[in-house]
Amino acid sequence: MSQVLETPTSDPKHGARFAEASATSSRVQAKKIVFVDPPYERIAAGYEFVKNITNRSPSLGLLHLASEVRLHGWDPAIIESDVCDMDVDAVARELIETAPRFVGITLFTVGVWGAATIARKLKRALPETIVIVGGPHISSMGPETLERFPEFDVAVVGEGERPLIDLLNALENETPLADVPALLYREGEEVVKTPSLPIDRVLDDLPMPAWDLLPGFPEAYPPAVFDFPRGPVATIAASRGCPFHCRFCDTSTFGAKIRRYSAEKVFEMMQHLHDEYGVRHVMFVDDLFLASREKTEELCRLILERGLKMTWTCTARVDTVKPEVLQTMKAAGCWEISFGLETGSDELLIKMDKLAEVAKSEQAVKWTAAAGIRTKGLFMLGYPGETRETIAMTRDFVRRIPMTIMNLTKFTPYPGSPIYRDLYGTNIREDAWEKMNGMNFVWAPEGFTVEELDREYQAVLTAFYRRPKVGLHYLKLMIQHPGHVARLSKFLAGFAFAKAKSFLSGRKGLLVREGETKLDAVS
């Protein structure tokens, strides 16, 4: 295990190996940087049919980084592996053919192994190319990741725009990396950590995301089926940061302080997407779009006063909505609000540190429905303390509230989250990172096997979606917006095939495959 050190005194030798590597060959394009959203297992084994209806939106973080480096004279490109149906071999071939001096890979925990494989193949062909990693996984587990994966040369920790520019300039000018903030890099057997940056970037100063670098944008990047009324669709983050501390969440990338674009800047991005790309629907993907009622109402006024004909969706906490602001949002085109409802059990909400109550959640959903805005409920199954009784509470809750769409994830203790440390007593261990996508049970509460959890998972979804009013909602949506039909048909055909195969193999409809059923259980 290598040692992690705070930044040593600036020394010209720091980072020298990067300069030596880049000077050894003229094959690479000196100003070229390719950003990669790597392939990873987005769907649990046995549930492959779900990919027909899942989200294919691009990485907004990479779009921001690409626009920032371009502003400073670099030549960026973006590879969206999932959208382009590229596996690790295809991504590596594309990078080798392009021969950039720099490759930047965004890392979620589930994608680390695939990213390492890409970097390894790239390094064999182009050892002078420098591989830079960043993203949520690095922000929470950066030193451990560089220790485990020598294929990664340097890591940017936290919000990436400013330190990435400083890093590229340092590498180009062969100046010490020790002088660049928010980095992790190696010196011999040691991983060196430079001082972090204050998270104080004024968002309005950022250039607009580089949507023009995405082939086939926006049509090739649809969100999950039925998550929007009509396309094309694009995503915007109107703010960064989250001050809440839910125990299953890691907020190390953007921090606890909320920073927002001005309403004028958000409107400018919406107008640009509408006029330049024909986008009809925007999905606001920030954690707390409604954290500032004043900013929300100001944006709504701009949309109404300037006659922008777009629909949009956002995410909010249940304690941030009131009937008056919901009515204003509806008038300005709000089509759906996603709430992190999580469970129908107050006891579990307390364990999660959600600072919410089931009754208040139910009230918020009712207010939203009364305003004519659709609610999307975000739930998880299998959190520590989950029992058959709490699952029954969740099943009853989703059936009684005025909601017609829900996401149910399988509880995943992500490295860097408080619950991970609670369960394992450490920030890092030898986990099956490639399974951490919210679609695999990688941990189980006491009294459950993975087969039992998976049956409960299917039962909750079935109880919700079998209700006649839910079916009528989707029938109406398909008639109004038939673009969803093709994707749904592929999903239903795949589901029927998977179920039939399970029964024929004697697994009684269980979709989790053999060999996928071993996991940790904690008393």
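Contact here means heavy atoms within 4.5 Å. Helices (H or I, at least four residues) and strands (E, at least two) are DSSP runs, numbered from the N terminus. The model is predicted: local features need pLDDT of at least 70, side-chain atom pairs count only at pLDDT 80 or more, and totals for chains, interfaces and linings use all residues. Residues are numbered from 1 along each chain as its sequence is written, and side-chain values use heavy atoms, with hydrogens and water left out.

Helix α12 covers residues 388-400. Thr-390, Ile-391, Thr-394, Phe-397 and Val-398 of α12 are buried, that is, under 20% relative accessible area, with exposed over 50% and partly exposed in between (1.4 Å probe, protein chains only). These buried residues fall within an arc of 120 degrees seen down the axis, so they line one face of α12; the arc is that of the directions from the helix axis to the C-beta atoms. The buried residues of α12 pack against β14 (334-342), α10 (346-352), α11 (358-370), β15 (374-381), β16 (405-410) and α14 (450-465).

| Bond | Omega |
|---|---|
| Phe-217 to Pro-218 | about 5 degrees |
| Gly-231 to Pro-232 | near 0 degrees |

Pro-218 lies in the loop between β8 (190-193) and β9 (233-236), and Pro-232 lies in the loop between β8 and β9.

Asp-85, a residue other than glycine, has a positive phi near 50 degrees. Asp-85 sits in the loop between β3 (75-80) and α3 (88-98) and is exposed, at 65% relative accessible area. For Ala-99, phi is positive, near 55 degrees; Ala-99 lies in the loop between α3 and β4 (100-106) and is buried, at 8% relative accessibility.

Methods:
Expected span 1.5 Å × (residues − 1).
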